[in-house]
Amino acid sequence: MNKLFHEFFKGIIKENPTFVLVLGLCPTLAVSVSVVNGIGMGIAATFVLLGSNVIVSLIKNTVPARIRIPCFIVVIATFVTIAEMTLKAYSPALNRALGIYVPLIVVNCIVLGRAEAFAQKAKALNSFFDGLGMGVGFTLALILISAIREFLGAGKLLNHAIFKGFEPAFVFSMPSGALLVIGLLLGFFNLFKRIKQ
Amino acid sequence: MREMTRYGLILAIICAAASASLAGMNSLTRDRIAAQAKAEEEEGLKAVFPEAADFKPVKSKEKVVYYQAYGRDGGFLGAAFKARGKGYSSVIEVIAGMKKDGTITAIKILNQNETPGLGNRVAEPEFRERFSNKRIVDLNGIQAITGATISSKAVINAVKVKANQVKELIGDEK
């Protein structure tokens, strides 16, 4: 039980995919313009991570090492397509806002990274919690980045204007602003870790 | 050689399982996706032509060219149409309504991926309202958004070009 907790919580802080492993930055930079997008992307990626981690772990003994990558990609692509269909059917507006980045979860290195580094060596239950933890960590990181960017870049939070007379800095809505925010947050977390030691 | 066949077989089995689950998922969501697309389209048509009660698509080679708008009493009011124009960083897709005398009722941006804070303001009511009750010939005079001339012009031109075409098509239908 303790071990499962460990698998879950390590993805949130100790091995946070965005701020510690620094994986999957392309979708992070692109969709973190607003908190709603961030949450949507986070949930879609978490769903894919969960599904692919469990299936990869279940088929790990049948799949020969030499063809594991194509096998994993097929599994991941299947879950991504399921996520995309669900988004289209139940939230077309969010699907349009996330655009090409939903199908691109297939090549999100967090997903293939967890399949390679964890799920293909671990039990299905452990892989499930690893995927869940990584997904939650990714979602929280997206929410943090997109909250900062939405507030500074558009003067809003969750599409609500916070206060009047605030002139937003457009640069935060653009990819360059995303790089700035992520870089500063990374530096801040590293500083925090060093002080704690 | 035997290894190769084994690998191929394993991969084929995985792909078959993936296709089967996707086929299942597709049949579960297909109707809903189609319904969502239809609802969005109707919402767009209503938004640009509020007075019309009924829209009839006019097709040419299976593609919808424009929609004829009819009032509550069944009288022909005008047309609604979609137009596309190349903006600054994306193709802007817009839907517009036009009365039969050639004045624009309203426009709505369906799809765009312009620069946040600048180009994407073409989707805001402040810009869209500049189109209301304008005749086609007056569209050129619409004020562009400061800092987003390319995006604004793309919308204006797209609407103008398509409006002229549609005007000609509905010309003999009074």
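Mentor: A residue counts as buried if 20 or more other C-beta atoms lie within 10 Å of its own, as exposed if 12 or fewer do, and as partly exposed in between. Keep that at hand, and remember that this is a predicted model.

Trainee: Thanks! Why is Gly102(B) called partly exposed?

Mentor: Gly102(B) has 18 C-beta neighbours inside 10 Å. Buried takes 20 or more and exposed takes 12 or fewer, so Gly102(B) counts as partly exposed.

Trainee: Where is Gly102(B) placed, and which residues is Gly102(B) in contact with, leaving aside its neighbours within four places in sequence?

Mentor: Gly102(B) sits in the loop between S4 and S5 of chain B. Apart from those sequence neighbours, its contacts are Arg135(B), Ile136(B) and Lys167(B). As for Asn26(B), 76 residues separate it from Gly102(B) in sequence, and the C-alpha atoms of the two are 43 Å apart in space.

Trainee: On to helix H3 of chain B, then. Which residues in H3(B) are buried, and what covers them?

Mentor: Among them are Ala154(B), Val155(B), Ile156(B), Lys160(B), Lys162(B) and Ile170(B). The cover includes strands S2, S3, S4 and S5 together with helix H2 of chain B.

Trainee: How do you know that the span of H3(B) agrees with its number of residues?

Mentor: H3(B) runs over residues 149-170, which is 22 residues, and at 1.5 Å a residue they should span 32 Å. The end C-alpha atoms are 31 Å apart, so the two values agree.

Trainee: And what makes the span of H7 in chain A agree?

Mentor: The reasoning is similar. The 31 residues of H7(A), 124-154, should span 45 Å at 1.5 Å a residue, and the end C-alpha atoms lie 43 Å apart, which agrees. After H7(A) comes Gly155(A), with a positive phi near 70°.

Trainee: Why is H1(A) called roughly parallel to H7(A)?

Mentor: The two helices pack at an angle of about 30°, with their axes 6 Å apart. Angles under 35 degrees count as roughly parallel, so that is what H1(A) is to H7(A). The crossing of H1(A) past H7(A) is right-handed.

Trainee: Which residues meet there?

Mentor: From H1(A) they include Leu4(A), Phe8(A) and Phe9(A), and from H7(A) they include Leu125(A), Phe129(A) and Leu132(A). By class, this contact has six nonpolar, two polar and three charged residues.

Trainee: Lastly, how many residues of chain B are in contact with chain A?

Mentor: There are 21, and they touch 26 residues of chain A. Helix H1 of chain B, residues 2-48, gives the most to that side of chain B, with 15 residues. By class, the side holds 11 nonpolar, eight polar and two charged residues.

Technical notes:
Residues numbered from 1 in each chain as written. Chains lettered and ligands numbered in written order. Predicted model: local features only at pLDDT ≥ 70, side-chain atom pairs only at ≥ 80, totals over all residues. Contact = placed C-beta atoms within 7 Å. Helix = DSSP H or I, 4+ residues; strand = E, 2+ residues; numbered from the N terminus. Nonpolar A, V, L, I, M, F, W, Y, C, P; charged D, E, K, R; others polar. Expected span 1.5 Å × (residues − 1). Axes fitted to C-alpha atoms, helices over the stretch in contact; angles between N-to-C directions. Parallel < 35°, antiparallel > 145°, perpendicular 65-115°, else oblique. Left-handed = near helix turned anticlockwise from the far one by under 90°.
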